[in-house]
Every structure is written in structure tokens, then in C-alpha cells.
Amino acid sequence: MNKQDHYPNSENIHLLVVDDDERLRHLLVKFLKEQGFHISEASQTTDATILLQTFAFDLIILDIMMPGETGLDFTKRLREESYEGPILLLTAMGEVESRIEGLKRGADEYLPKPFEPEELLWRIHAILKRTKAKNNTAMFQEIAIGPFHFHR
């Protein structure tokens, strides 16, 4: 399958991948870039926090089991800080209790590892479709800094 079979206009979609497993993160970033997505990556939540202050993301793909602040705690903190963007938890913790806890803390989707890359792609597609329907103007958001106007 080519990227047009998956998500049209994926080059306009900016994803943030947060995972402390460097090998998995790089494989995931490579796969998503091949699908045409624009990707930013972080190995821990402190780096992700800085990126979130700098860029607008269409979706965060977040590992749960990380040193320091876990993905569950980060998700809860983001929601408490009124972050409304979609969050997909990607984790080796696939038990029902873990999935429920992730959703309780504010995740929009939960995908246990190991996973099929194509399943991840279609889950991303479904989340983005729901997000676009919820906020139909997101693609035309304008940011003004002095005399400069930037369109997302």
C-alpha cells in the first residue's frame, strides 16, 4: 500500500512521538514519515513538554512506561492543563485494567505493543477524522506574531 491508500494529505499532519525506547521510536518515526506525516519526536515527557510549547500537533503518540514521568501521568497532566489535542497511548501494557486507566486519564485511543504498523496507521486516521469533524477549522488556524501571520 502506498501513503495515498492510508490518509490523504498526510503531509499536512504533524505528529509527536514520545517513547524512551530509541530503537522503537526511530522505527516508528521512519514508518510514519514514509506515510507522509510530519513528525517530531521526544525521548521523555520533559522534551515533549517543550515541543508542545513550540508547535501545534494534530496527535500525540505516547508510550506509557518511561522513566521519570510516565505516559499516564503526562496524559493526566496535559488534560489538567486543558490540552485538548488527541493522545494515542502505545504501550506494552495491554491488560484491560491498563487500557481503562489510560482512557480514564484522558487518552483518546490505546494500542498495545506489539502492533501492526498498518493498524496504527488506521487508528491515527480514525482519530484525525474524529478530530477534524470536531474542529473543522483546525487546518486554517492563524497565528500572528507582530506583522507576521502564520497559517497552520
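Me: What is the relative accessible area of Phe55?

Reply: First the cut-offs: buried means under 20% relative accessible area, exposed means over 50%, and partly exposed is in between (1.4 Å probe, protein chains only). Phe55 counts as partly exposed, because its relative accessible area is 40%.

Me: What kind of model are we looking at?

Reply: Residues are numbered from 1 along each chain as its sequence is written, and side-chain values use heavy atoms, with hydrogens and water left out. Local features need pLDDT of at least 70, side-chain atom pairs count only at pLDDT 80 or more, and totals for chains, interfaces and linings use all residues, since this is a predicted model.

Me: How many aromatic pairs are there, and what is the angle between the planes?

Reply: Rings of Phe, Tyr and Trp (its six-membered ring) pair if their centres lie within 6.5 Å; planes under 30 degrees apart are stacked, over 60 edge-to-face, and the rest tilted. Searching the whole structure turns up 1 aromatic pair. That pair is Phe55 with Phe57, edge-to-face at 6.1 Å centre to centre, and the angle between the planes is 65°.

Me: Is Phe57 buried or exposed?

Reply: We already have the cut-off for this: buried means under 20%. Phe57 has 7% relative accessibility, so Phe57 counts as buried.

Me: What is the strand order in the sheet?

Reply: Helices (H or I, at least four residues) and strands (E, at least two) are DSSP runs, numbered from the N terminus. Two strands pair if DSSP finds at least two bridges between them. Here 5 strands make an open sheet with parallel pairing, in the order 2-1-3-4-5.

Me: Which strands sit at the edges?

Reply: An edge strand here pairs on one side only.

Me: By how much are neighbouring strands turned against each other on average?

Reply: Axes are lines fitted to C-alpha atoms (for helices over the stretch in contact), and angles run from 0 to 180 degrees between N-to-C directions. For neighbouring strands of this sheet, with direction ignored, the average turn is 20°.

Me: How many residues of strand 3 are buried?

Reply: In a regular strand the side chains alternate between the two faces of the sheet. On one side of strand 3 you have Leu59, Ile61 and Asp63, on the other Ile60 and Leu62, and all are buried. For strand 3 (residues 59–63) the count is therefore 5 of 5.

Me: Which residue in strand 4 is the bridge partner of Leu62?

Reply: Strand 3 has bridges to strand 1 (residues 14–18), 4 of them in parallel, and Leu16 stands opposite Ile60 there. Strand 3 also pairs in the parallel sense with strand 4 (residues 87–91), over 4 bridges. In that pairing, Leu62 has as its partner Leu89.

Me: Which helix lies on the path from strand 3 to strand 4?

Reply: A crossover is right-handed if, with the strands pointing away from the viewer, the path from the first strand over the helix to the second runs clockwise. The β-α-β crossover from strand 3 to strand 4 is right-handed, and the chain goes through helix 3 (residues 71–80).

Me: Which residue in strand 2 stands opposite Val18?

Reply: Strand 1 and strand 2 run parallel, joined by 5 bridges. One of the partners is Ile39, which goes with Leu15. Opposite Val18 stands Ala42.

Me: How far is Leu59 from Gly85 in space, C-alpha to C-alpha?

Reply: Leu59 is found in strand 3 and is buried, because its relative accessible area is 0%. Contact means heavy atoms within 4.5 Å, and Leu59 touches, not counting residues up to four places away in sequence, several residues including His14, Pro86 and Ile124. In sequence, Leu59 and Gly85 are 26 residues apart, while C-alpha to C-alpha they are 6.3 Å apart.

Me: Which residue has a positive phi without being glycine?

Reply: Most residues other than glycine have a negative phi, and most peptide bonds are trans. In the loop between helix 3 and strand 4, a phi near 70° belongs to Ser82.

Me: Where is the cis peptide bond?

Reply: Look in the loop between strand 5 (109–112) and helix 5 (117–134), which is where Pro114 sits. With omega near -10°, the cis bond runs from Lys113 to Pro114.
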